[in-house]
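Please examine the sequence and the structure shown here before reading on.

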Amino acid sequence: MDFTEEQLKRYSRHIILPEVGGKGQKKISEAKVLLVGAGGLGCPVGYYLAAAGVGTIAMVDDDKVELSNLQRQIAHSVKTLDVHKADSAKQTFEALNPDVNVIPIKERLNSKNILDLFKDYDIIVDGTDNFPTRYLINDACVMLKKPLVSGAILRFEGQVTTIMPHDGPCYRCLFEEAPPAGLVPSCQEAGVLGVLPGVIGALQATEVLKLIIGKGTPLKGRLLIYDALGVNFRKVKIPKNDECAMCGKNPTITELKDSPEEYCSI
Amino acid sequence: MAVKVKIPVPLQRLTQGKEEVEGDAGTIISLINNLDQKYPGLGERVSEGGKLRRFVNIYVNEEDVRFMKNEETEVKDGDEVSIVPAIAGGC
């Protein structure tokens, strides 16, 4: 595809970067990225990817916009209260950039639908709010060998890592199992600084764009931890775990499973 | 000099809001027991029956202790220990 005059202008600050250029911008416009969650993290990730001109952005979320979301979920507004978040995000992102095709998927991910939903996308972004879905997304990405950019937030702290299945550790190499229900509070219970998902989401969007243009070093095998109160960014190593139940030498997980419902209350 | 221990935000309630505390050199499990005396409840959040919990990782400097000697990994004065729990919020 050739860029129109308008597109050349719109993406001029990208195209002028030697690391992006016309070639990189073309890759961006042809990329297909699926975001799980159109909430705190999904909003800034999708917003920046839309601005960058990512051709196809799927937003998976079955929730509707509530007033308590608006402190941080910047794709939604008082005009989209009670509207599906995926539809609300589509309106916002396409208003910013009509080049972008936003596909709202108003479903909850489960072991039956996940592989089918993921299979046509190049990169998956995790911005979900519970452990069972995080492990399900990880397992599906390992099975499909899809890069996964994972972000998580709570109170004043965020974590980011990029998972390149079979070419580095997976989420189960990092945390072998989910905490039991009730031990780790949710944002709803413990709160979250409104701008925190903006910081973590912007880091995730950066990782996605780097993967698309194939430049720089992905945040692979490292967990980046951001502590907003202390203004600390720390990176720790995530070794690939040979004993990993998903991607180790003798994996014990060979099919996708839904976790019991009570986990979802974490 | 002592061992510096970075406390994650969800556990800072137990350390009177402190994001970094100090402990004694030795094994990881002795460090945790030592911290639990100063900050009751911390040990239980991180370990169970002398073993580290599987959803909390501990790093010495940048290295995950699971890939060293786990609870028995030795830490010395000047080392930086990070306690990193799994968090799942995306909300």
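Two residues are in contact if their C-beta atoms, placed from the backbone, lie within 7 Å. By this criterion, 38 residues of chain A are in contact with 21 residues of chain B. This is a predicted model, in which local features need pLDDT of at least 70 and side-chain atom pairs count only at pLDDT 80 or more, while totals for chains, interfaces and linings use all residues. Residues are numbered from 1 along each chain as its sequence is written, and chains are lettered from A and ligands numbered from 1 in the order in which they are written.

**The side of chain A that touches chain B**

Helices (H or I, at least four residues) and strands (E, at least two) are DSSP runs, numbered from the N terminus. The elements of chain A that give two or more residues to the side touching chain B are helix H7 (131–144), strand E5 (148–154), strand E6 (157–163), helix H9 (187–190), strand E7 (222–227) and strand E8 (232–237). The residues of this side comprise 17 nonpolar, 11 polar and 10 charged. Here Ala, Val, Leu, Ile, Met, Phe, Trp, Tyr, Cys and Pro count as nonpolar, Asp, Glu, Lys and Arg as charged, and the others, Gly among them, as polar.

**Strand E5 of chain A**

A residue is buried if 20 or more other C-beta atoms lie within 10 Å of its own, exposed if 12 or fewer, and partly exposed in between; C-beta atoms are placed from the backbone. Seven of the seven residues of E5(A) are buried, so this strand is largely enclosed by the rest of the structure. In a regular strand the side chains alternate between the two faces of the sheet. From E5(A), A:Leu148, A:Ser150, A:Ala152 and A:Leu154 point one way, while A:Val149, A:Gly151 and A:Ile153 point the other way.

Two strands pair if DSSP finds at least two bridges between them. The table lists pairings in both chains.

| Strands | Sense | Bridges | Residues opposite each other |
|---|---|---|---|
| E4(A) and E5(A) | parallel | three | A:Ile124 and A:Leu148 |
| E6(B) and E7(B) | antiparallel | two | B:Val60 and B:Glu63 |

In the hairpin of E5(A) and E6(A), two residues lie between the strands, and A:Arg155 takes a positive phi near 55°.

**Chain B**

Chain B contains two helices and nine strands. From the N terminus on, its elements run β-β-β-α-α-β-β-β-β-β-β. The radius of gyration of chain B (taken over C-alpha atoms) is 12 Å, close to the 12 Å that the globule rule gives for 91 residues, so the chain is as compact as a globular protein of that length. The globule rule is 2.2 Å times the number of residues to the power 0.38. Of the 91 residues of chain B, 42% count as buried.

An open sheet of five strands in chain B has the order E2-E1-E9-E6-E7, with mixed pairing. Its edge strands are strand E2 (20–23) and strand E7 (63–64), each of which pairs on one side only.

Which residue of chain B has its place in helix H1? One of them is B:Ile32. B:Ile32 is buried, with 23 other C-beta atoms within 10 Å. Not counting residues up to four places away in sequence, B:Ile32 touches B:Gly43, B:Val46 and B:Ser47.
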